[in-house]
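Q: I am new to this structure and would like to learn how to read its helix packing and its chain contact. Where do we start?

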Amino acid sequence: MSNAALSDGGRDTVLSVRGAGKFFPGVKALQDVDFDLKRGEIHALLGENGAGKSTLIKVITGVHPRDAGAVMLDGIEIHPQHPGDAQGLGISTVYQEVNLVPTLSVAENLMLERQTRKFGLISWRKTEADAKAALETLGLDIDVNRPLGSYSVAIQQLVAIARAVALDARVLILDEPTASLDGDEIQTLFRIMRDLRDKGLGIVFVTHFLDQVYAVTDRITVLRNGRLVGTFVTRDLPQIDLINHMLGRELAEVSAHRHQDEGSYVGPKRTIQVKNLGKKRVLEPVSLDLHAGEIVGLAGLLGSGRTELSELIFGSQKADSGLVFLDGEPVMLRSPRHAIRSGFGLCPEDRKQDGIVAELSVRENIVLALQGRRGWLRPIPRAEQQQFADDMIRALGIATPDSEKPVGQLSGGNQQKVILARWLVSKPILLILDEPTRGIDVGAHADIIKLIKELCDEGLALLVASSELEEIVAFADRVAVMRDREKVSELVGAEITQTRIIEAIAR
Amino acid sequence: MKINERFYPILATLAVLALLYGYGIFEHRAFSDTYVLGALLTDNAFLIITAVGMTFVILSGGIDLSVGSMIAFIGVLMAELVTGFGMHPLMAALISLIVGAAFGAFMGVIIAKFDIQPFIITLAGMFFLRGVCFLINLDSVPIDHPFVAAFSGFKVPLPGRGWLTASALLMLATVIGGVVIAHYTRFGRNVYAIGGDRHSAELLGIPVHGTIIRVYTLSGFFSALSGVVFAFYTASAYPLAAVGVELDAIAAVVIGGTLLTGGMGFVMGTFFGGIIMGVIQTLIAFDGSLNSWWTKIMIGALLFGFIVLQRLITRSFSGMRAGAT
């Protein structure tokens, strides 16, 4: 059973993915993706949130069974059932949130299931010596008897890599390994990565730091919306083209903007002024004005500070500098509760984790924020709750048999509508939407965008963070561009094109 | 050189034991006699044997509430086999151990395969076994057999006036066996890994389900062994025996320095934890003026202290993992 003909890389290719597909209910997370990893190369896997990077990795390592396509290791098709399987085959993964056991010693973490035994019992002296030797290959000299949890994340990560390498890995997948490391630690990691590459290992490097991609990788594969955009040689791909591949489609510019037909809203002109809002190590101070009846887009790559800015305005992260003014009055932003009382709303990026309460019904989810704004001492009468829920289900077209169905059972698009409804009944002044269309199928996608425009016409101030440039271009009146945790540019009216945004991101 | 963080809880346990024993010797001259030590080892033998099994369960991040009922059930079963069927007690003991391990394995399979809270399953096991006791026998029955008499009569003299009984010797052997399993087998280390971080353990390629099933099998086996010792020691069986022993065993494990959330601790610590509970009981008995419920008050207070200590130690770990989102 040889599929060698399929893999065009020949002898050089250690890992080859052909036509991989993975479908979740309502979402095609991965569709017809090809990916080749050569022996002795560092290969960047790039894409925005929801592009399919982690799904591809999970398919390769057996966390998810694939629904289509083939994965071949050295030309032989493999079907790993779980990460342990993949590890046994020679595919090791190191995750950002170090997946080792913090309460066990470093030596044990390295040697779990591989301890040297004498007469059936573990020989600790030999096991510890083996662990020390494994760390020395990475130039790491630490006390292997101390619990892993007592070391820094950087060292824990190196231990994870040492374990992966010691398992005779042929393929090493590093999933966002640098996210919590500082500059020196990153350099150490890069040195180790280059060493391992020179020893013939194939390394897949997932990151959202583009400078790191150029510093250490040989080739780049870009995914977008679960599909393959292409594989490129790093040094032949200018950064601006790379960003283009990640964010934009090389299609003709969409020109049906709404910025021309401004002013469909005539009402009190409320303004929210964000002045030098920032937090150390999270966001450089940002200033931004938001007006009723206006949509401001927040563009930037993953990790550029989009989400962070939203959270600082909403108070779910505490700013350590700057203020937010509502109609000239400073607003207390100590917690989301304060923000909600002031009339701010946030639809977070991670619906499942931060947005919906899956076990509660549609009705209960919808009245949550209003109840929070009124305070728990003044419960909303059941009839009024029902009224709100029915109104919203009709107005937003939420596809649910009735208002008592648990939200967790609805599709992603409908969950998003429930969250929108939640904020709408509380009549906010400012609504922040973080990636409102992420993980939503195409039909619901258009609905949500239409809804966003309608909200704006009704006099809401909207701040919409999105990695879909087309989307931002289609609805924003103004666009704030973020890069490296800083606001780098603000585009207005006719300036808002995909090209201009990409230029601003790439500097 | 810095003392390894892992040893903090067991050092605290040893300090408490030294303090209590020291106080006993200071207050009552007789406390230093090996007679007290021998009695401690004998009286707490069945508790410590159960607690050794419980240590593995708690290390894996679980709990086993069925052990008290198991002790009673095994006693009743032994009485039935020996008195009713005329079986030799050793044969009855062997059957009991197999039944106990099998029941533990059964609970383990449900816990692992259906991914159900061990609390619920072992609670069901607790009610089930207690009920079965009454099905077999409603009253307290003696277990009459020359071997049982020989077992309770067997004594190894200690220097001084004390002696080690067969129960104590079996218990010490169990502790040594537990230490070897916990620290010198891959199974043992896998238990620690699962308790420390189950998700990671899975990603590290550890057979999580198999290990969990074996943990409850082990706990079933040890509580059955404890039941055998209890039956031999009291030479009788009673369906209402050992009520609440599961909680005493958990207390011994926690006072012995094992983290209730799993992943950290020592079988040796559980031994000391059980002894501490015995020492408290003995101290109160020696005093004479205090109500025996003071034992519970002291143990409760110790538990408060140890649980807070655990929290402080785990916090020093979790702080290091702030990088994970």
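A: This is a predicted model. We begin with a pair of helices in chain A: α8 (residues 239–247) and α17 (residues 498–506) have axes that come within 9 Å.

Q: How are two packed helices described?
A: By the angle between their axes and the distance between the axes. Here the axes of α8(A) and α17(A) cross at roughly 125°. Because angles over 145 degrees count as roughly antiparallel and 65 to 115 as roughly perpendicular, α8(A) is oblique to α17(A). The crossing of the two is right-handed.

Q: Which residues of α8(A) and α17(A) make the contact?
A: From α8(A) come Gln239(A), Ile240(A), Ile243(A), Asn244(A) and Leu247(A), and from α17(A) come Ile502(A), Ile505(A) and Ala506(A). By class, six are nonpolar, two polar and none charged.

Q: What is the angle between α4 and α11 of chain B?
A: Helix α4 (residues 67–84) and helix α11 (residues 208–234) of chain B pack at about 50°, and their axes are 8 Å apart. That angle makes α4(B) oblique to α11(B). α4(B) passes α11(B) in a right-handed crossing. Among the contact residues are Phe73(B) and Met78(B) of α4(B), and Gly220(B) and Phe230(B) of α11(B). The contact divides into ten nonpolar, six polar and no charged residues.

Q: How many residues of chain A are in contact with chain B?
A: 25 residues of chain A contact 26 residues of chain B. On the chain A side, α2 (83–89) and β8 (121–122) are the elements that give two or more residues. The largest share, three residues, comes from α2(A). By class, this side of chain A has twelve nonpolar, nine polar and four charged residues.

Key:
Residues numbered from 1 in each chain as written. Chains lettered and ligands numbered in written order. Predicted model: local features only at pLDDT ≥ 70, side-chain atom pairs only at ≥ 80, totals over all residues. Contact = placed C-beta atoms within 7 Å. Helix = DSSP H or I, 4+ residues; strand = E, 2+ residues; numbered from the N terminus. Nonpolar A, V, L, I, M, F, W, Y, C, P; charged D, E, K, R; others polar. Axes fitted to C-alpha atoms, helices over the stretch in contact; angles between N-to-C directions. Parallel < 35°, antiparallel > 145°, perpendicular 65-115°, else oblique. Left-handed = near helix turned anticlockwise from the far one by under 90°.
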